[in-house]
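Subject: Structure for you to look at

Hello,

I am passing on the structure we talked about, with my notes below it. Please open it alongside the text and check the notes as you read.

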Amino acid sequence: MAIPIPVGEVEAPGEPPLPTGVPAAQIHGRSPLYLVWLRLRRNFLALACGGLFVVIVLFCLAAPLRVDQVAHTGPNDNHITDKVMIDGARKPMSSHPTAHQ
């Protein structure tokens, strides 16, 4: 059984720390997302990594569009039994090119 602790002895956390360079009057009534943005925009490495993440996601989303134009193939096509031209000879696609020399 837990021992009850009198209310006067419980430590309550103080006010949350304010972002540096922003007066307290401006922060009053701001949303938590805006307060996060105030702190995040000072961290240039985090912003750069976030930008890189967005670029990678955009490339991943655009991959099906690009592969259709470049490879002229779809995501469900099977190319295991295809042959490729290497040094004037047709070689199987599923094996290493030097294995059939």
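What follows goes from confidence and overall make-up to single residues.

Confidence

The model is predicted, not experimental. Its pLDDT averages 77, and 69% of the residues score at least 70. Of the elements in the protein, α3 has the highest mean pLDDT, at 89, while helix α1 (residues 24-27) has the lowest, at 66. Where pLDDT is low, the coordinates should not be read in detail.

Overall make-up

The protein has 3 helices and 2 strands. Along the sequence they come in the order α-α-α-β-β. Buried residues account for 6% of the 101 residues. If you count contacts between residues at least 6 apart in sequence, 0% of them join residues at least 24 apart. The accessible surface is about 9,200 Å², and carbon and sulfur atoms supply 66% of that area.

Helix α2 covers residues 32-40, and Leu-38 sits in it. Is Leu-38 buried or exposed? Its relative accessible area is 4%, so Leu-38 counts as buried, the cut-off for that being under 20%. The C-alpha atom of Leu-38 is 8.7 Å from that of Val-22, a residue 16 positions away along the chain.

On the surface there is a nonpolar patch made of Tyr-34, Val-36, Trp-37, Leu-40, Phe-44 and Leu-47. Together these residues have about 570 Å² of accessible area. Two elements, α2 and α3 (44-70), each give two or more residues to the patch. Which of them gives the most? That is α2, with 4 residues. Val-36, one of the patch residues, lies in helix α2. Helix α2 therefore holds both the buried Leu-38 and 4 residues of the surface patch.

The hairpin

Strands β1 and β2 pair in the antiparallel sense, over 4 bridges. Within this pairing, Met-85 stands opposite Arg-90 in β2. The two strands form a hairpin, and 2 residues lie between them.

Asp-87 is in the loop that links β1 (83-86) to β2 (89-92). For background, most residues other than glycine have a negative phi. Asp-87 is also exposed, since its relative accessible area is 76% and the cut-off for exposed is over 50%.

In short

The two places to look at are helix α2, which gives 4 residues to the nonpolar patch, and the hairpin of β1 and β2, with Asp-87 in its turn. Please keep the mean pLDDT of 66 for α1 in mind when you look at that helix.

Regards

How values were computed:
Residues numbered from 1 in each chain as written. Predicted model: local features only at pLDDT ≥ 70, side-chain atom pairs only at ≥ 80, totals over all residues. Heavy atoms only, no water. Buried < 20%, exposed > 50% of the residue type's maximum accessible area, 1.4 Å probe, protein only. Contact = heavy atoms within 4.5 Å. Areas by Shrake-Rupley, 256 points an atom, 1.4 Å probe, with all protein chains shown as cover. Patch = residues over 30% accessible without salt bridge, like charges linked within 9 Å, V, L, I, M, F, W, Y side chains within 5 Å. Salt bridge = Lys/Arg side-chain N within 4 Å of Asp/Glu carboxyl O. Pairing = 2+ DSSP bridges. pLDDT = per-residue confidence, 0-100.
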